[in-house]
Amino acid sequence: MSSQNLKDPDRFDRGVRTVLVGLSSNVLLAVIKIVTGILGNSYALMADGIESTMDIFSSAVVLGGIKISSLPADENHPYGHGKAESLAAMTVSLVLLMAGIGVAIKSVLEIMQPHHTPAFFTLIVLVGVIITKEILFRFIFSVGKSVNSLSLKAEAWHHRSDALTSVAAFIGISIAIIGGKGYESADDWAALAASGIIIYNGIHMLKYAVKEIMDYAPNPDTEETIRSIAGRVPGVVAIEKCRVRKSGLNLFVDIHVEVNGDMAVSDAHLIGHNVKDALMTAPLGIADVLVHIEPAGFLKSKNII
């Protein structure tokens, strides 16, 4: 007893619009940071700009993942294309990891090669970058949470990592300017510290992306809510099993419903449809429900459970 629900197009549209905002911002900020880093003699700022160019790639990946995951089910993909969103999140996480490792290696090389003190105006640019990136993080993470998108959350953390990288660069450049001769490498140490933050966030998001691809169960509260909604449907005696998995922005539910074993098959079938309708119309982002009807107490009487 299964039915594929039409996915809310507004959720996907919001996701696409959000990614485009982030992508446009990354293009502008990457140019500003790299140019300012070169002119202001700051490797930390240049490294920050390079990380932003990686953000452009990751934004494009997230955009593609969301668009593909919104495609309807077909003969070859009966459960839809939702896993594309998880794959996009995994790709972004891996890019974040590579960016962090790259910045770390370059930072060590720069520490070993003394250079001139960064210019003061690089600090002014960094203040604007930090504020912009933090605003982007809060905005994109909020949207990702509201539409239940792991790739958007990963994208948001990419912006937060960029903000933290800029904070580290600001501290390092400030120390280099205030300390003067002998403190030039503070700029590079800051970039090295920032790389650790980037790597940590990459590992953190990669872990959740792998869980989604492996059909890791959502939080227990979600299952409890589904059991509660189904259990309130007239004619339902008990909920025997409930399995939930996430694919893209949507949930797929397999549920075993116990009903009076003496009722007609047609009546039990109707109860199953009512359970399905109750779950599909609930604001949980459920795309598909498979309902299995069982006579109440049958499994226990046969010592099956």
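Student: Is Gly179 buried, exposed or partly exposed, and why?
Tutor: Gly179 has a relative accessible area of 34%, so Gly179 counts as partly exposed. Bear in mind that this is a predicted model.

Student: Okay! Which helix does Gly179 lie in?
Tutor: Gly179 lies in helix H5. After H5 comes Gly180, and the phi of Gly180 is positive, near 75 degrees.

Student: How many residues does H5 have?
Tutor: H5 has 30 residues. From first C-alpha to last, H5 reaches 43 Å, close to the 44 Å expected at 1.5 Å a residue.

Student: What about Leu152, buried or exposed?
Tutor: Leu152 is buried, because its relative accessible area is 1%, and buried means under 20%. Leu152 is found in helix H5. The C-alpha atoms of Leu152 and Ala176 are 36 Å apart, and the two residues are 24 apart along the chain.

Student: And Leu150? Where is that one found?
Tutor: Leu150 is found in helix H5 too. Its relative accessibility is 9%, so Leu150 counts as buried.

Student: What separates Leu150 from Glu212?
Tutor: Along the chain they are 62 residues apart, while their C-alpha atoms are separated by 8.6 Å.

Student: How would I describe two packed helices?
Tutor: Two packed helices are described by the angle between their axes and by the distance between the axes.

Student: So at what angle do the axes of H5 and H6 cross?
Tutor: At roughly 170 degrees, and the axes come within 7 Å. H5 covers residues 150-179 and H6 covers residues 186-213. H5 and H6 are therefore roughly antiparallel to each other, since angles over 145 degrees count that way.

Student: Which classes of residue make up the contact of H5 with H6?
Tutor: By class, there are 17 nonpolar, 4 polar and 3 charged residues in that contact.

Student: Switching topic: how many aromatic pairs does the structure hold?
Tutor: The structure holds 1 aromatic pair.

Student: What lies over the face of Phe137?
Tutor: That's Arg160, at 3.8 Å from the ring centre. Another case involves Phe252: the charged end of Arg245 sits over the ring of Phe252, 4.9 Å from its centre.

Student: Now H8. How many residues does H8 have?
Tutor: H8 has 17 residues, 265-281. H8 reaches 24 Å from its first C-alpha to its last, close to the 24 Å expected at 1.5 Å a residue.

Student: Which residues in H8 are buried?
Tutor: Ala268, Ile271, Gly272, Val275, Lys276, Leu279 and Met280 are buried in H8.

Student: Last one: where is Ser24 found?
Tutor: Ser24 is found in helix H1, residues 9-39. With a relative accessible area of 48%, Ser24 is partly exposed. Ser24 and Ile56 are 32 residues apart in sequence, and their C-alpha atoms are 8.2 Å apart in space.

Notes:
Residues are numbered from 1 along each chain as its sequence is written. This is a predicted model: local features need pLDDT of at least 70, side-chain atom pairs count only at pLDDT 80 or more; totals for chains, interfaces and linings use all residues. Side-chain values use heavy atoms; hydrogens and water are left out. Axes are lines fitted to C-alpha atoms, for helices over the stretch in contact, and angles run from 0 to 180 degrees between N-to-C directions. Helices (H or I, at least four residues) and strands (E, at least two) are DSSP runs, numbered from the N terminus. Angles under 35 degrees count as roughly parallel, over 145 as roughly antiparallel, 65 to 115 as roughly perpendicular and the rest as oblique. Ala, Val, Leu, Ile, Met, Phe, Trp, Tyr, Cys and Pro count as nonpolar, Asp, Glu, Lys and Arg as charged, and the others, Gly among them, as polar. Rings of Phe, Tyr and Trp (its six-membered ring) pair if their centres lie within 6.5 Å; planes under 30 degrees apart count as stacked, over 60 as edge-to-face and the rest as tilted. A charge sits over a ring if NZ of Lys or CZ of Arg is within 6 Å of the ring centre and within 35 degrees of the ring normal. The expected span of a helix is 1.5 Å times one less than its number of residues. Buried means under 20% relative accessible area, exposed over 50%, partly exposed in between (1.4 Å probe, protein chains only).
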